[in-house]
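Subject: Structure handover

Dear colleague,

Please find the structure below. My notes on what was found in it follow.

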Amino acid sequence: MNLFPDRIQRTHITKTYNSNSLDGEDDDVWVKMLEEAKSDVEQEPILSNYYYSSITSHRSLDTALANILSVKLSTLTLQSNTLFELFIGVLQESPEIMESVKRDLLAAKERDPACLSYVHCFLSFKGFLACQSHRIAHKLWSQDRKILALLIQNRVSEAFAVDIHPGAKIGDGILLDHATGVVIGETAVVGHNVSILHGVTLGGTGKQCGDRHPKIGDGVLIGAGSCILGNITIGEGAKVGSGSVVLKDVPPRTTAVGNPARLIGGKENPKTVDKIPGLTMDHTSYLTQWSDYVI
C-alpha cells in the first residue's frame, strides 16, 4: 500500500489504471479542453467572454488553473491578481502538481457520470478545484510558508465548503465527488486513485498531537457521510460504506459498513472485493451479503 504518494513509483493499482485509461491521454488534456471550450461557445455564444477569460486566452493549463483559483478564492481585500502571482509561481516551480491536476481531471471524466467534459470539471466541480487549491497550499506548507498555506485552506473552506489541512498528503487521480462537507486532517494521507463522496471526515479522536489522522490506501472508495477517525489504515482497494464510522484498521480489498463499522463477511473471513472500488465507484454490491431482501 502506497501511503506516501510520489510521482515516480506507483502501486499496481495506479499502473493498471494508467495503462487502461491514461496512456498518452494526460498529455493531451489541455488540447482537449481547448477543443471542448470552442464547441461549448459555438453552442452557447453567451459564454464566450467567460470561456475566453477562463480557458482560451491562456497559453497553458497552469495559467488557466492559477487564474480560476485566484478568481474563486479572492476577496475585496485579497485580490485575484495577488493570488494569481502566488499560485502561478508555485505551479511553475512544481511540475509534479500539474501532473496530478491532469490525473484528477481524468479521474472525474472516467468515474463521474455527471461529468460532461474536462472543461465542465475544470470550471464547475468544486471538489476538483478544492483539491488543486490544496496541492498549492501543501507545497507552501512544505516550504514552511505556513501562514499562506493556512490562508488558502481558510478561503477554500469558505468558498467550496471543503476543509483540507495543508499538511495532509494527497495522491494522484483523486475524485472528491460533490465534495460538500469533506474534512481532512493535518496528518492524514490519501493514496492514489481514491474516490471520496460528500460529507466524509478523515479526522482525529481527541486533543492528542502528532500523527493522529487516517491513512487511506490506493484505490479506496469512501461513501458519503462516513467518518474515519484516528491514526488507522484503510487498506489498498478497500471500500467504506456510506454513513459508516470507522475506528479500526480496514484490511485491503474488504468492505466496512455501519456504526461502528464492521467488515462484510466477518473479521475472521471478510469478503474480498474483486475490483478496485475507487475506480468502479460501486457503492452497493455488498448489500447482497446482508440478505436476499434489503429494504
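**Helices H2 and H3**

The angle between H2, residues 29-43, and H3, residues 48-56, is about 175°, and their axes are 10 Å apart. Axes here are lines fitted to C-alpha atoms, for helices over the stretch in contact, and angles run from 0 to 180 degrees between N-to-C directions. Helices (H or I, at least four residues) and strands (E, at least two) are DSSP runs, numbered from the N terminus.

On the H2 side, the residues that meet H3 are Trp30, Leu34, Ala37, Asp40 and Val41. Their partners in H3 are Ser48, Tyr51, Ile55 and Thr56; contact means heavy atoms within 4.5 Å. By class, the residues of this contact are six nonpolar, two polar and one charged. Nonpolar covers Ala, Val, Leu, Ile, Met, Phe, Trp, Tyr, Cys and Pro, charged covers Asp, Glu, Lys and Arg, and the others, Gly among them, are polar.

**Basis of the model**

This is a predicted model, in which local features need pLDDT of at least 70 and side-chain atom pairs count only at pLDDT 80 or more, while totals for chains, interfaces and linings use all residues. Residues are numbered from 1 along each chain as its sequence is written, and side-chain values use heavy atoms, with hydrogens and water left out.

**The chain as a whole**

The chain has 10 helices and 15 strands. Of its 295 residues, 53% are buried; buried means under 20% relative accessible area, exposed over 50%, and partly exposed in between (1.4 Å probe, protein chains only). Among contacts with a separation of 6 or more, 51% are between residues 24 or more positions apart.

**Aromatic rings**

The structure holds two aromatic pairs. Rings of Phe, Tyr and Trp (its six-membered ring) pair if their centres lie within 6.5 Å; planes under 30 degrees apart are stacked, over 60 edge-to-face, and the rest tilted. Tyr50 and Tyr51 form an edge-to-face pair, 6.0 Å centre to centre with 75° between the planes. Tyr50 is partly exposed at 37% relative accessible area, whereas Tyr51 is buried at 8%. Phe122 and Phe128 form a tilted pair, 6.2 Å centre to centre with 50° between the planes. Phe122 is buried, with a relative accessible area of 0%, and Phe128 is buried at 6%.

Two lysines have the charged end over a ring, a placement that requires NZ of Lys or CZ of Arg within 6 Å of the ring centre and within 35 degrees of the ring normal. Lys109 sits over the ring of Tyr118, 5.7 Å from its centre, and Lys146 sits over that of Trp141, 4.6 Å from its centre. Tyr118 lies in helix H7, residues 118-124, and is buried at 4% relative accessibility. The C-alpha atoms of Tyr118 and Met33 are 6.0 Å apart, although 85 residues separate them along the chain.

**Backbone geometry and loops**

Most residues other than glycine have a negative phi, and most peptide bonds are trans. Ala161 has a positive phi of about 60°. It lies in the loop between helix H9 (146-160) and strand E1 (163-164) and is partly exposed at 32%. Asn193 also has a positive phi, near 55°. Asn193 lies in the loop between strand E5 (189-190) and strand E6 (195-197), and is buried at 3% relative accessible area.

Asn259 and Pro260 are joined by a cis peptide bond, with omega about -5°. Pro260 lies in the loop between E14 and E15. Gly258 is in the loop between E14 (255-257) and E15 (262-263) and is partly exposed at 29%. Leaving aside neighbours within four places in sequence, Gly258 is in contact with Gly243, Ser244 and Val245. Its C-alpha atom is 8.2 Å from that of Ser242, 16 residues away along the chain.

Asp274 lies in the loop between E15 and helix H10 (277-280) and is exposed at 66% relative accessibility. The C-alpha atoms of Asp274 and Arg253, 21 residues apart along the chain, are separated by 7.4 Å.

Regards
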